[in-house]
Amino acid sequence: MSEPISPERFALLAERAGLDPVKIGAERFEELRQGTRFLARFQASVRRTGTGSPRERAVEPAHIFVHPRQTGEG
Amino acid sequence: MDPTQLSAAASSRAIAAGTLSPVALAEAYLDRIAALDNQLHSFVLVLRDEAIAAAREAECDIRAGRSKGPLHGVPIGLKDIYQTKGIRTTAGSRRYLDHVPDADAETWVRLRNAGMILLGKNETHEFAIGGPDFTLPFPPARNPWNPAHYPAGSSSGTAAAVGGHLCAGGMGSDTGGSIRGPAAYCGIVGLKPTYGRVSRRGVFPLSYTLDHCGPLTRTVEDCALMMQALAGHDPLDPASADVPVPNYAAALDRRLDGIRIGAIRHWHERDAVAGFGAGNEPSAAYVAAFDAGCRTLERLGARLVDLRVPPLLDYADANRVILLAEAYALHETDFQKRPELFGRHCFARLALGAFLSAADYVEAVRRRRELCEATASALAGVDLIVSANATGPAPRIDQVGTYATFERPSYTAPYNLTGLPALSVPIGFENDLPLAFQIAGTPFGEAAVLHAGFAFEQASGIFERQPPIAASLPGR
C-alpha cells in the first residue's frame, strides 16, 4: 500500500481542485488525505498492459453504452 | 395464514385464486414494518395510507376482471434514490432532505403499471456510496439475520426489508455491487441486469457508465416476474438498449442439461490475496459452500469447466477510477461549495475523484475495453459464468471502515465494468449468516441466468431458511 500524498502537496492539490479545507473541517480533510493512499494503486492498475510498455495507440476506450439497435427481423 | 410468509409469486397466485386480498397483504406488511423496522431501519418513509388505497384499487380491479398480471397487488419498497412524483426522495443525503420530485422513475412507472403497491422508500447509502454512516439523518439499515451486522450497501434498506419480510420485493441500484452485495449478506436474490436492459431514468446517478437498476427478491421466480415488468427499451434513457425482451418466467426450469458453465475460481482462490493482501482469503466455509454449489450445478446436468479471465484487481481498480471520476464530476460543485452537507463516508470516498487526472480516467476506460474483450473471449466457450460474491459472512456493522470498499476485493465490480448480467443467489451459511455466489451470462442473457439461478435455488433449498425476524408476528 502506498503512502498518502504529503500534507503540503495535498493542500496544494485540494486548493487547485477548489476544495476548501475550512468548510470541509480538519478531521474530514485529513481523512480524505489518508484516502489518497489508494490512488497510486488505481493509477498503476489502469495503465498496466502486461508488456511493460504503454498501451498501444489503437486501443480505444470502451463504448459498451452504445448498443446496436435490434429489430428482431434478423 | 400470514401472507408475508409467501413469496411474491405465491402471493400473486393466491390473489389470482381469490384466497388472498391485496388489502390484507399490504396491511400485513405495513404491520410488520410498524412492529419490526425499529430493529432494521430499512424504510425512511412509509406510505401507509397511499399503499392501502392502492391495494383497495387493485382489489377492485382484480375482482372486476381487470388484472394487470402476476404482480398486481404485490407490495414493494424502492431504494430512496428512485424518484417518486410528489413523494420525498432524499438519496440518503442532507442535500435532498426536502426534495419532492415532479416525476417518477421509469422503473417505478413500469412496476406500478404492472400493479405493484408501493409501501415506502428504503434506506440507502448516501448517493448510493456513502455508508454505513451514523452521521446521516437516517440510521443505516441492519442485517435481518442479525441486526448487529452489516447488510452491505448501497441498496441496504431494500435488501434488509426484503430479507426481513417487510416487503415482497424491491428495487436497488448497482454501480460496483450495490444490489448483489446486499443480496448476499441478507440471504436473498439480487439481479444486476445487462447495462441498457433496465431504464435508469429518474434514478439518482452515481456513475453514468456503471450504474444499473435491478430487483431484490426472496426467490428467483420473483426476480423473473419483476424483470418482465422492468425490462425493455426506454427511448428517454440514452443508455437504454432496444433489444427484444424474452419471457423470463417461461425460461425457469429445474434442469440444466447440456449447459456449459465456466467457474472463475482464481478470483477468490488466488487474486484476492495477490491483489489486495493477506487477510482477504475466503473463509473455509465459503470455499466449501462455493464448491458444493458448483457440484449442485453439475448434478443438475450442467458441464462445469474452470475459466480464466484477467485478475480481479484489474476489474476492481478500473471500476473505481471510472466511478470516482464520474461521481466527482457529478458532485463537484457541492464538494466545493457545500462539503458540510455530505456525510463522512460519502465525502471521504467520492472527493478522492478530485485527485485523479483526465489521463487516469481515459486509461481506465481503455482498460475497460480490454477487460470487456478478454471477458467476452472467455465467455465465448461457455453459456454462463459462476463466480464468488462476498467470500465470508457479513461483518459487524460497526467494523466497516471508510475505505473498506477499496481495501477489500470486489467480486461484483467485474460485471459492472463489462455490463454483463449477474445474479446473486444464496449458497449457504456461516455463523448463521448467509453466503452467496454469482451466476453471470452473456449480454441480455438474463433468461439463462435466471434459469440457472432457479434450478440451483430449487435444488439446494437454501432459500427456505429464513431469518428469525421473518417469523410471523404474534397473532398472525
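**Chain A, read along the sequence**

My tally for chain A is four helices and zero strands; helices (H or I, at least four residues) and strands (E, at least two) are DSSP runs, numbered from the N terminus. I also noted that 23% of the 74 residues of chain A count as buried. A residue is buried if 20 or more other C-beta atoms lie within 10 Å of its own, exposed if 12 or fewer, and partly exposed in between, with C-beta atoms placed from the backbone.

A note to myself: this is a predicted model, where local features need pLDDT of at least 70, side-chain atom pairs count only at pLDDT 80 or more, and totals for chains, interfaces and linings use all residues. Residues are numbered from 1 along each chain as its sequence is written, while chains are lettered from A and ligands numbered from 1 in the order in which they are written.

**Where chain A meets chain B**

I looked up the contact next: 41 residues come from chain B and 32 residues from chain A. Two residues are in contact if their C-beta atoms, placed from the backbone, lie within 7 Å. On the side of chain B that touches chain A, the elements giving two or more residues are α10, α11 (344-350) and α12 (358-379). The largest share, 11 residues, comes from α12(B). I sorted this side of chain B into 23 nonpolar, five polar and 13 charged residues. Here Ala, Val, Leu, Ile, Met, Phe, Trp, Tyr, Cys and Pro count as nonpolar, Asp, Glu, Lys and Arg as charged, and the others, Gly among them, as polar.

**The sheet in chain B**

I traced an open sheet of 11 strands with mixed pairing, in the order β1-β3-β2-β4-β6-β5-β10-β11-β9-β7-β8. Two strands pair if DSSP finds at least two bridges between them. Which strands are at the edge? They are β1 (43-46) and β8 (303-306) of chain B, each pairing on one side only. I zoomed in on β5 (residues 189-192) and β6 (residues 212-217) of chain B, which run antiparallel and are joined by two bridges. B:Gly190 stands opposite B:Leu216 in β6(B).

**The core**

I then searched for the largest nonpolar core and found 162 residues, with B:Ile117, B:Val321, B:Leu384 and B:Leu450 having the most contacts inside it. Such a core is a set of buried Ala, Val, Leu, Ile, Met, Phe, Trp, Tyr and Cys residues joined through C-beta atoms within 7 Å. Helix α10 (residues 312-337) of chain B gives the largest share of this core, 12 residues. I listed what B:Leu384 touches beyond four places in sequence; among them are B:Ile259, B:Ile261 and B:Ile439.

Is B:Ala58 buried or exposed? B:Ala58 counts as buried because 27 C-beta neighbours are inside 10 Å. B:Ile52 has 17 such neighbours, so B:Ile52 counts as partly exposed. Leaving aside neighbours within four places in sequence, B:Ile52 is in contact with B:Val23, B:Ala26 and B:Glu27. For B:Ala58, with that stretch likewise left aside, the contacts are B:Pro22, B:His72, B:Gly73, B:Gly115 and B:Ile117.
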